[in-house]
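Biologist: Please show me the model, and then we will go through it by question and answer.

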Amino acid sequence: MQEHFNEEIENLKTSLIKMATLVDDQVERVFTALETGDITLCKGIKAKDLEIDIYDNLIQTQCENILALFQPVAIDLRFVLSALMTNNQLERCGDIAVNIAQRVKKTTDMQSLIKESQILDMGQQAKEMLKNAIDALILNDLDIAQKVLESDEIVDNFNKQIFLFLVERMKTDIALIEPCSHLIVLIRNIERLADHATNIAENLVFYLEAKNIKHQIKLNPPTE
Amino acid sequence: MSLEKNIKIDTRHLNLYFFEEKILKDINLEITSNQILGIIGPAGSGKTTFLRSLNRMNELEPGSRIEGQILLDGIDIYNSELDVISLRKRVGIVFALPVALPMSIYENVVYGVRLSGIKDKARLDEIVEKSLSAAFLWDELKDRLNLSGLRLSGGQQQRLCLARVLAMEPDVILLDEPCSGLDPISTSWIEDALIELKKNYTIVLVTNNTMQAARVADKTAFFLMGELLEVGLTKQIFTAPVKQETNDYITGRFG
């Protein structure tokens, strides 16, 4: 029975890694499109997202079966729960890649504004966070997960600064209202991507260390 | 001290030997009143020996001796002046295999009570109804009390054994693998009964079915090779055990 159970857990791990790799590729492609303005890279992003959705359903079914048939406990239970949560985060990351691709198509002629606004730096940071979160997930590496957790604030700060920058530009040039609006949606998506990377890292901490570190700052604010 | 913390049973530095072999090693365990303590561990870990030490049943085995103390409501149960018969009335035990006596259901329930001297029919009737009700059997058997106990199913016989223990009005109920031979429905009857009974009794449940401990126990103790390796709230033991060995046992990696 234990052998059969281990096999199911291994299958779940494999599905998660395959899904994460697909998501990583998608995100890499849309950010390259954003950096280069090469919208041909955005082709096929939506179709590929369907493969991610298929993994989403598969992983949910695998988790459901393991819970129903084996009633895992302790570290096994935490693994299945964290796989369920991470599956959800990865699926959202896939959707965000599709959204970013759409914005890239609509802002190709705004390259100078994109560069000036630090959106590329923000994107680089968020992409790195997701990559690290996926590496941490594959390697069960808490040090890499910790790096992800520490980076979330950097992306949040970029988000605030770039938002203000874009609002200022809209105020000064009415022609920029539409492209800047697209870019505001874009940075919102990048910020969400970083949030999902953070959640994936948090899920790994839950799995490996049996600690729920979600919402810690909000729930236990520093006393100073 | 024990009473202040609402501790029903307090074992202190308990060592138990059979001849020269040390079976239980320095067990320190507090069992809280009106709770179910689940005891889990692989075969030979000492969980049944520990259970049987709580009403001095190990004394029936040759070569057994103990060191340390087991306090019941603050009184050492191994005190030489303590009456073992009255101890076993206060601390009843239900075994793995149901032992229905070859007599009617009614007589099965009142067997121990009669031996203790109660003869009044009305009082005995009252005890039978109360005990069978508490063991979730009354509705099923109230019209068949003269039927032989041996005619009952395994699950009913086990609840009958529980009713026989309850008839003695104990403080503590010990259960050694009470559902090992039972189907899931009978098991769930016993489990429901235990959860109901803990309102009035302190319950210690030895089980090889770790998920049974997860379902019914307030606290769970993990025994390994005669040692109490870990004890904690059941939720903690089954989600985030502290010891690697506990994790490995409950996840089926050994044992």
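**Salt bridges, strands and the interface**

Modeller: A network of salt bridges links D24(A), E28(A), K127(A) and K131(A). A salt bridge here is a side-chain nitrogen of Lys or Arg within 4 Å of a carboxyl oxygen of Asp or Glu. This is a predicted model, where local features need pLDDT of at least 70, side-chain atom pairs count only at pLDDT 80 or more, and totals for chains, interfaces and linings use all residues. Residues are numbered from 1 along each chain as its sequence is written, chains are lettered from A and ligands numbered from 1 in the order in which they are written, and side-chain values use heavy atoms, with hydrogens and water left out.

Biologist: How many salt bridges does the structure hold over all chains?

Modeller: Side chains of opposite charge can pair when their charged atoms come close. Over all chains, the number of salt bridges is 30.

Biologist: Is D95(A) buried or exposed?

Modeller: Buried means under 20% relative accessible area, exposed over 50%, and partly exposed in between (1.4 Å probe, protein chains only). R92(A), at 34%, is partly exposed. D95(A) has a relative accessible area of 19%, so this residue counts as buried.

Biologist: How many residues apart are K130(B) and E169(B)?

Modeller: These two form a salt bridge, with the closest N and O atoms 3.4 Å apart. The pair links distant parts of the chain: K130(B) sits in helix α4 (residues 121–134) of chain B, and E169(B) in the loop between α6 (154–167) and β7 of chain B. K130(B) is exposed at 53% relative accessibility, while E169(B) is partly exposed at 43%. Their separation is 39 residues.

Biologist: Which residue forms a salt bridge with R215(B)?

Modeller: R215(B) lies in helix α8 (residues 210–216) of chain B and its partner in helix α7 (residues 184–197) of chain B, so the pair ties together parts that are 24 residues apart in sequence. R215(B) is partly exposed, with a relative accessible area of 45%. The closest N and O atoms are 2.8 Å apart, and the residue is E191(B).

Biologist: What area do chain A and chain B bury between them?

Modeller: The size of an interface is often given as the accessible area lost when the parts come together. Buried area is that loss (1.4 Å probe) summed over both parts. Carbon and sulfur atoms carry 56% of it, and the total is about 770 Å².

Biologist: Which residues in chain A lose the most area to chain B?

Modeller: Nine residues of chain A are in contact with 10 residues of chain B, where contact means heavy atoms within 4.5 Å. Together, 54% of what the chain A side buries belongs to Q2(A), V73(A) and A74(A).

Biologist: Which residue of chain A forms a salt bridge with R253(B)?

Modeller: The count between chain A and chain B is one salt bridge. Its closest N and O atoms are 2.7 Å apart, and the chain A residue is D76(A).

Biologist: Why is one side of β2 and of β5 in chain B left without a neighbour in the sheet?

Modeller: Four strands of chain B form an open antiparallel sheet in the order β2-β1-β4-β5. Strands pair if DSSP finds at least two bridges between them. β2 (21–32) and β5 (75–76) stand at the edges, so each has a single partner strand.

Biologist: Which residue stands opposite L71(B) in β5(B)?

Modeller: Strand β4 (residues 64–72) of chain B is joined to β5(B) by two bridges, running antiparallel. Opposite L71(B) stands D76(B).

Biologist: Which residue of β7(B) stands opposite G92(B)?

Modeller: Strand β6 (residues 91–94) of chain B is covered on both faces, with V91(B) and I93(B) buried on one side and G92(B) and V94(B) on the other. Four bridges join β6(B) in parallel to strand β7 (residues 172–176) of chain B. The residue opposite G92(B) is I173(B).

Conventions. Buried area is the accessible area (1.4 Å probe) that two parts lose on being put together, summed over both.
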